[in-house]
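Keep the viewer open as you read.

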Amino acid sequence: MTIPPAEGGLSEQAGCTVPKNNAGRPLDAANSILSSLPHDQFEMLLPYMTRETFAQGVVLVEAGDEIDFVYFPHKGVVSLLSVLKDGRAVEIATAGQEGVVGAMAGLGFLTSFVRVVVQLPLEATRVPASRFRKAAARSDVMRSLCLRYNESLFSQTRIAAACNAVHLIEARFCRWLLQTSNRAGTKTVTLTQELVAELMGVRRTSITEVASKLQAAGVVHYSRGVINILDAAALERLSCECYSLQLDQSEALR
């Protein structure tokens with residue numbers, strides 16, 4: 001995908017056109033991982049970067065498939081799903097502009113054990129996994145980032161497992177909605193109740209009941225597959241402790 005020219009200059013190596021600012025970062029790039037890379041480390045990846053957009057529901061990688069690309073989200077959210085033998089899939093973690101998808105390919109882990117699907121429409125920088133692996137082999141910083149962010153994903157998984165086992169659906173839904181909103185950087189989440197129920201591994205009627213209660217209390221407004229958070233503070237009070245625990249652990253891993 002070719003990006004139109006913008007103020008600050010262009011890199012046009014390896015057929016890739018990426019607008020840059022004076023610091024050598026892509027213009028309008030909001031991905032925290034890319035932004036944290038030292039200039040020389042960033043330059044190793046730059047010739048192989050492309051800016052891509054993906055619609056909601058697109059599967060970036062299927063469980064059991066080889067990881068072909070590493071994705072650095074700028075906008076939107078992706079879900080990591082554990083796939084069962086009967087075809088059901090439950091969300092175990094999410095990633096947004098704070099993270100990266102497929103980074104462990106940089107350390108030689110080439111097979112995905114989860115399905116990665118676009119939860120909210122995605123804009124991301126994409127780098128071929130083979131190129132990322134070569135760059136990571138030369139960079140202690142990149143390898144450290146891979147390990148630290150992978151631990152962050154493990155943290156999400158551990159908390160989700162405990163939360164799903166002991167907390168009520170209402171509290172779990174509030175936690176899920178807050179985390180999704182944080183990842184997306186918006187208080188408007190475009191997801192049907194059916195999809196939310198599938199991601200959370202619960203019945204649609206349970207999500208309908210919880211959403212109706214929250215709307216009646218003025219905490220959210222739900223209409224035609226769009227959830228607007230009206231009172232984030234109230235939503236946090238109704239959430240289980242897992243929301244603040246995840247925030248604390250994510251901050252500790254930065």
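Start with α5, which lies across β8, β9 and β10 and runs at about 90° to β10. This is a predicted model, so local features need pLDDT of at least 70 and side-chain atom pairs count only at pLDDT 80 or more, while totals for chains, interfaces and linings use all residues. Residues are numbered from 1 along each chain as its sequence is written, and side-chain values use heavy atoms, with hydrogens and water left out.

A few terms, then. Helices (H or I, at least four residues) and strands (E, at least two) are DSSP runs, numbered from the N terminus. Axes are lines fitted to C-alpha atoms, for helices over the stretch in contact, and angles run from 0 to 180 degrees between N-to-C directions. Contact means heavy atoms within 4.5 Å.

## The three-stranded sheet

What is the strand order in the open sheet of 3 strands? The order is β8-β10-β9, and the pairing is antiparallel. Here β8 (188-190) and β9 are the edge strands, each with a single partner, so one side of each has no neighbour in the sheet. Ignoring direction, neighbouring strands of this sheet are turned by 15° against each other on average.

Two strands count as paired if DSSP finds at least two bridges between them. β8 and β10 are joined by 3 bridges and run antiparallel, with Thr190 partnered by Val226 in β10. β9 and β10 pair in the antiparallel sense over 4 bridges, and Val220 stands opposite Ile229 in β10.

Arg224 sits in the loop between β9 (220-223) and β10 (226-229). The hairpin has 2 residues between its strands, and Arg224 takes a positive phi near 50° there.

Is Arg224 buried or exposed? Arg224 is exposed, at a relative accessible area of 81%. For the cut-offs, buried means under 20% relative accessible area, exposed over 50%, and partly exposed in between (1.4 Å probe, protein chains only). Arg224 and Thr190 are 34 residues apart along the chain, with 8.8 Å between their C-alpha atoms.

## α5 meets α6

Back to α5 (residues 169-184), which packs with α6 (residues 193-200) at an angle of about 105°, the axes 12 Å apart. On the α5 side, the contact is made by Ile169, Arg172, Phe173 and Trp176, and on the α6 side by Val196, Leu199 and Met200.

By type, the residues of the contact of α5 with α6 divide into 6 nonpolar, no polar and 1 charged. Ala, Val, Leu, Ile, Met, Phe, Trp, Tyr, Cys and Pro count as nonpolar, Asp, Glu, Lys and Arg as charged, and the others, Gly among them, as polar.

Also in α6 is Gln193, which counts as buried at 10% relative accessibility. Leaving aside residues up to four places away in sequence, Gln193 touches Arg204, Ile207, Thr208, Ala211 and Tyr222.

## β7 and its partners

Now over to β7 (residues 115-128), a mostly covered strand with 10 of its 14 residues buried. β5 (residues 69-83) joins β7 through 11 bridges, antiparallel, and Phe69 has Pro128 as its bridge partner in β7. β3 (residues 50-54) also runs antiparallel to β7, with 5 bridges; there Thr50 stands opposite Arg126. With β4 (residues 59-61) there are 2 bridges, again antiparallel, and Val59 is partnered by Val117.

## The two sides of α3

Which residues of α3 (residues 129-137) are buried? Ala129, Phe132, Ala135 and Ala136 are. Seen down the axis of α3, these fall within an arc of 125°, so they line one face of the helix; the arc is taken over the directions from the helix axis to the C-beta atoms. Lys134 and Ala137, on the other side of α3, are exposed. The buried residues of α3 pack against α2 (39-45), β5, β7 and α4 (140-166).

## The whole protein

Overall, the secondary structure comes to 9 helices and 10 strands, and 47% of the 254 residues count as buried. Among contacts between residues at least 6 apart in sequence, 71% join residues at least 24 apart.
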